[in-house]
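Thank you for making the time this morning. I would like to walk you through one model, and I will ask you to keep the sequence and the picture in view while I talk.

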Amino acid sequence: MFFQRLCPRSASQLGAQPAALAPTGLILIVEADKWNGKALGCSLEQAGYSVQATQGETAALELLKRESPTLLVVGGAPDPAFYRSLRRASSAFILALIPQGNEEQVLAAFAAGVDQCQTGYLSNAEGVARIRALLRRGA
């Protein structure tokens, strides 16, 4: 599903991005463990990014057969096997958002192939800023 249908305003209505911050590539949001990424996806689209979303491992792996995203944003606290399967299917940068994570979950996510991990509350604005920084560094 594309988030553009869910966003009340398009990126063009929010003003142009400076050339140094121009978005590139596809961001895939993978919703896991009842986490909902619609608001973050909408914020990313409003910032000018190309975003697709999917729910669960099977749907994400199917989408990765057809698409080559620049970044995977995995929300929720899935089993580390979920991260391993995403890593095997894609060389894209993986950002894990674990809403109520603990050190054990974070370490397991890193061991399973995640490149960056964020625990606790993350506002949409901070999420966009973190993703922009990761992409700027060639994630």
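I will begin with the sheet, go on to the cores, and end with a few single residues.

Before that, a word on the source: this is a predicted model, in which local features need pLDDT of at least 70 and side-chain atom pairs count only at pLDDT 80 or more, while totals for chains, interfaces and linings use all residues. Residues are numbered from 1 along each chain as its sequence is written, and side-chain values use heavy atoms, with hydrogens and water left out.

The sheet is an open one, in which 5 strands follow the order S2-S1-S3-S4-S5 with parallel pairing; strands here are DSSP runs of E with at least two residues, helices are runs of H or I with at least four, and both are numbered from the N terminus. Two strands pair if DSSP finds at least two bridges between them. Strand S2 (50-55) and S5 are the edge strands, and because each has a single partner strand, one side of each is left without a neighbour in the sheet. From one strand to the next, the twist averages 20°, with axes fitted to C-alpha atoms, for helices over the stretch in contact, and angles running from 0 to 180 degrees between N-to-C directions. S3 and S4 pair in the parallel sense over 5 bridges, and Leu71 has Phe93 in S4 as its bridge partner. H1 packs on this sheet, where it touches S1, S2, S3 and S4, and its direction makes about 170° with that of S1.

Which residues touch the most other members of the largest nonpolar core? Of its 20 residues, they are Leu72, Val74, Tyr83 and Leu86; such a core is a set of buried Ala, Val, Leu, Ile, Met, Phe, Trp, Tyr and Cys residues joined through side-chain atoms within 4.5 Å. Apart from it lies another core, of 19 residues, including Ala47 and Leu134.

By contrast, Asp33, in the loop between S1 and helix H1 (38-46), is exposed at 54%, and although it is not a glycine, Asp33 has a positive phi of about 50°. Lys34 lies in the loop between S1 and H1 and is exposed, with a relative accessible area of 88%.

Terms used: Buried < 20%, exposed > 50% of the residue type's maximum accessible area, 1.4 Å probe, protein only. Contact = heavy atoms within 4.5 Å.
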